[in-house]
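Reader: I am new to this structure. Please take me through the terms used for it, one at a time.

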Amino acid sequence: KQRILTGITTSGTPHIGNYVGAIRPAIEASRNQDNLSFYFLADFHALIKCQDPDLVAQSTREIAASWLALGLNPEEVVFYRQSDIPQIAELCWMLNCVCAKGLMNRAHAYKAAVDQNGEAGEDPDFGITMGLFSYPVLMAADILIFNANKVPVGKDQIQHVEMARDMAQRFNHLFASKKKPLFALPEYVVDDDVAVLQGLDGRKMSKSYGNTIPLFLGEKQLRKHINKIKTNLLEPGEPKDPDTSTVFQIWQAFANEQQQAEMRQAFADGIAWGEAKKQLFELINNELAEPRERYNELLANPSYIEDVLQAGAEKARRYSEPLLDRARHAVGIRKLG
Ligand code: TYM
């Protein structure tokens, strides 16, 4: 079976970008009997950006509840929390020891932080911690410890998956024979139809920009958020360009082909922004109303979620333990005698 793996960082409320870019395609892939899917809550990754313990814990509940509410079947997949798998942190260290620092210098997240803050040397308050710097190494450990073949992600994560592949190659080259490599070489899978979803301000929708549309807002709030999407000043009746419009971009992510064509036409005919947003609200609300109810029920029952995660972690460790043993042996961390 192909092993599919993906994770979401638990540093905020899940948003429709996570849904469209990661959760929806991942759940679809999990229904294919040829796949074995590993989906997880990246709470170690959350610590990189977020030093608010309650937020990390709350986000973990919310993201777990989202996956389940949207139809992920924990019996069919391996669904777990990163920090419940100690082998990930251990492998992360081993990978740190074979990963060139120069490779990490090129990582987007690190480079963006340097652009914003400068090198920031010794002040952790500037946000450039060792955690941020070696974020792709931890992500590589997530992927390699389960020998994942395919990693479905949004476009922003492609570079990280490529780096994981580099690290797997390097590790295999140093510590395994050509015939029997230790780690599978992972590939990213990006759905070309799904662009990076834009947020309310037109930049990439992201927890760190505070421009998201949370996935399971109540109807009133959902409508309010959609009304806040930035538009240009064109009046009703004036033709509008769908390809530069956030409203249309989000529409595309939820609409079928016919609906897309119809909205394109409506833009050409000068649909009013208020009307386009009203239709967008209805489209999203239709897709999310049912899972939203399940989500709210699940959130009210955190001990059920925890049980699901514990069962998932046990299942996950059945894969990660033997592989880590082999990695330990390969690098020379062995019992003596
Ligand atoms: P994170 O939590 O930022 O995002 C989770 C997933 O959602 C996708 N995504 C988007 N897709 C479309 N439009 C957007 N605006 C948008 N925002 C986010 C992301 O591409 C991602 O697929 N480091 C990862 C989590 C992670 C991971 C892994 C993923 C940790 N270990 C191993 C895959 C494999 C992250 O912070 O994603």
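Reader: Why is glutamate 275 called exposed?

Author: This is a predicted model: local features need pLDDT of at least 70, side-chain atom pairs count only at pLDDT 80 or more, and totals for chains, interfaces and linings use all residues. Residues are numbered from 1 along each chain as its sequence is written. Now the term. A residue is buried if 20 or more other C-beta atoms lie within 10 Å of its own, exposed if 12 or fewer, and partly exposed in between, with C-beta atoms placed from the backbone. Glutamate 275 has 11 other C-beta atoms within 10 Å, so it is exposed.

Reader: What makes a stretch a helix or a strand?

Author: Both are DSSP runs, numbered from the N terminus: helices are H or I with at least four residues, strands are E with at least two. The chain has 14 helices and five strands.

Reader: What makes two residues a contact?

Author: Their C-beta atoms, placed from the backbone, must lie within 7 Å. Take contacts in the chain between residues at least 6 apart in sequence: 77% of them join residues at least 24 apart.

Reader: Is alanine 327 buried or exposed?

Author: Alanine 327 has 22 C-beta neighbours inside 10 Å, so it counts as buried. Its place is in helix 14 (residues 302-331). Leaving aside neighbours within four places in sequence, alanine 327 is in contact with Leu91, Met94 and Leu182. Alanine 327 and methionine 94 are 233 residues apart along the chain, yet 8.6 Å separate their C-alpha atoms.

Reader: Why does cysteine 50 count as partly exposed?

Author: Cysteine 50 has 18 C-beta neighbours inside 10 Å, so it counts as partly exposed. It lies in the loop between helix 2 (43-49) and helix 3. Cysteine 50 touches Ser11, Leu55 and Val56, not counting residues up to four places away in sequence.

Reader: What makes helix 11 mostly covered?

Author: Seven of the nine residues of helix 11 (residues 246-254) are buried. Among them are Phe248, Ile250 and Trp251. The buried residues of helix 11 pack against helix 1, helix 12 (257-268) and helix 13 (273-299).

Reader: Which domains does the chain have?

Author: Domain bounds come from an automatic or database domain assignment. It gives domain 1 (2-99 + 134-196 + 302-331) and domain 2 (216-297). Their centres, taken over C-alpha atoms, are 32 Å apart. Seven residues of domain 1 are in contact with six residues of domain 2. Helix 3 (residues 53-69) gives the most to the touching side of domain 1, with three residues.

Reader: Which residues come nearest the ligand?

Author: A residue is near a molecule or strand if its C-beta atom, placed from the backbone, lies within 6 Å of it. There are 25 residues around the ligand, and Thr9, Gly17, Gly21, Gly154 and Leu197 come nearest. Strand 1 (2-9), helix 1 (16-30) and helix 8 (135-144) each give two or more residues to this shell.

Reader: How many residues of the shell are nonpolar, polar or charged?

Author: Ala, Val, Leu, Ile, Met, Phe, Trp, Tyr, Cys and Pro count as nonpolar, Asp, Glu, Lys and Arg as charged, and the others, Gly among them, as polar. By that sorting, the shell around the ligand has 12 nonpolar, 10 polar and three charged residues.

Reader: Why is aspartate 142 called buried?

Author: Aspartate 142 has 26 other C-beta atoms within 10 Å, so it is buried. Its place is in helix 8. Aspartate 142 is in contact with Gly7, Gln82 and Ile88, leaving aside neighbours within four places in sequence.
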